[in-house]
Amino acid sequence: MGVTARGRRAWWIAAAVAAAAYAAIAPALVHVWRTDTYAAHGLFVPLFSAYLLWSERAHLREPGRPAGGTGPAVVLGGLVLLALALTLRSLLLQVLSAPVTLGGLVLWRYGAAGLRQAWFPIAFLAFMAPLPRPVVAAFSRHLQEGAAAFAAGATSLLGIPVYRRGVIIELPQMTLEVAEVCNGLRFMSALVVLTVALAQLTQRTRTRKVVLALSAVPVAVLANATRVAALVVASHYYGMAAAQGIVHHSIGKVVWILTLVPIVLLAIVLRRVPIRRVGGGRPAVAGHAEPAGLWAEPDSKREPAR
């Protein structure tokens with residue numbers, strides 16, 4: 001028995017209510033993406049998720065019978081969470097309610113199999129939220145001091161007299177401070193989002209996806225420390241103007257581009273390493289193979305057993 005016409009009407013009504021509710025908060029979210037330096041990557045997230053869902057639409061099929069009451073309950077739970085978030089004025093909860101509501105709609109219409117197929121682009125929507133301020137406060141000082149220590153060490157290796165006190169770096173001609181804007185968290189959050197997307201598109205097992213995604217954190221920390229060190233050295237030779245303005249931004253852009261190189265190389269290496277299989281052609285680690293679809297290769301195209 002297929003999904004009933006009454007069930008489809010109920011689903012469309014719920015989808016329209018959800019669309020209207022999230023359309024109402026969209027302007028505030030876009031404003032945050034434009035003004036919050038820790039959320040500049042936000043616009044990329046829904047576009048990427050929409051692309052994946054659209055590309056995967058052929059693999060979503062309505063179940064042979066109604067999916068039951070679980071989907072509507074999840075949708076209701078997501079909308080209640082949104083209402084609570086609006087009451088608390090919590091943008092983080094507003095964003096986190098979106099994957100819950102959308103996941104409930106998919107579960108309602110396409111069943112558990114459809115939700116398993118579409119879980120990644122739905123969960124990816126959580127990255128729309130900016131970094132919570134408590135997270136920034138908890139890690140910022142440590143990252144600033146780490147970048148300052150790395151920069152001072154690298155500068156001294158070049159024979160430049162340097163003295164560091166916390167986030168303060170003293171050169172013979174000037175004193176520099178590694179401010180909060182140089183903590184690297186903006187850089188890290190954007191790189192993590194891009195790397196997670198790259199991992200999902202390129203890797204064939206969950207383990208490799210996790211390895212690639214996690215690599216973004218140390219790479220971002222090291223890249224930011226290298227950027228600070230480059231600014232300190234440039235300031236020593238070219239004066240305070242090198243620590244701000246076009247030189248400052250140019251060094252940041254160059255480091256950002258170079259940071260993508262190890263991420264892409266690691267993705268290529270992980271992609272090309274053959275997957276070791278056990279009897280029956282299954283991966284050696286059970287449960288780590290991705291289902292067929294846009295972001296998984298058919299078995300016929302995967303590496304043969306070695």
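Good morning. The model is predicted, so local features need pLDDT of at least 70 and side-chain atom pairs count only at pLDDT 80 or more, while totals for chains, interfaces and linings use all residues. Residues are numbered from 1 along each chain as its sequence is written, and side-chain values use heavy atoms, with hydrogens and water left out.

I begin with the core. A nonpolar core here is a set of buried Ala, Val, Leu, Ile, Met, Phe, Trp, Tyr and Cys residues joined through side-chain atoms within 4.5 Å; buried means under 20% relative accessible area, with a 1.4 Å probe and protein chains only. The largest such core has 42 residues, and F48, F120, F124, M128, L185, V196 and L212 have the most contacts inside it. Two or more residues each are given by α1 (5-35), α2 (44-55), α4 (91-124), α5 (133-157), α6 (185-202), α7 (206-238) and α8 (245-272). Helices are DSSP runs of H or I with at least four residues, numbered from the N terminus. The largest share, nine residues, comes from α6. A second, separate core of 17 residues includes I169, M174, L176 and V178.

Next, α6 itself. V193 lies in this helix, and V193 counts as buried because its relative accessibility is 1%. Leaving out residues up to four places away in sequence, V193 touches H41, F44, V45, F124 and F127, where contact means heavy atoms within 4.5 Å.

How do α6 and α7 cross? Their axes come within 8 Å at roughly 155°, which makes α6 roughly antiparallel to α7. By class, the contact of α6 with α7 has 15 nonpolar, three polar and one charged residues. Nonpolar covers Ala, Val, Leu, Ile, Met, Phe, Trp, Tyr, Cys and Pro, charged covers Asp, Glu, Lys and Arg, and the others, Gly among them, are polar.

Finally, the axes of α2 and α4 come within 9 Å and cross at roughly 130°, and the two helices are therefore oblique to each other. F44, V45, F48, S49, L52 and L53 of α2 meet L102, A118, F120, P121 and F124 of α4. That contact has 10 nonpolar, one polar and no charged residues. Thank you.

Notes
Buried means under 20% relative accessible area, exposed over 50%, partly exposed in between (1.4 Å probe, protein chains only). Axes are lines fitted to C-alpha atoms, for helices over the stretch in contact, and angles run from 0 to 180 degrees between N-to-C directions. Angles under 35 degrees count as roughly parallel, over 145 as roughly antiparallel, 65 to 115 as roughly perpendicular and the rest as oblique.
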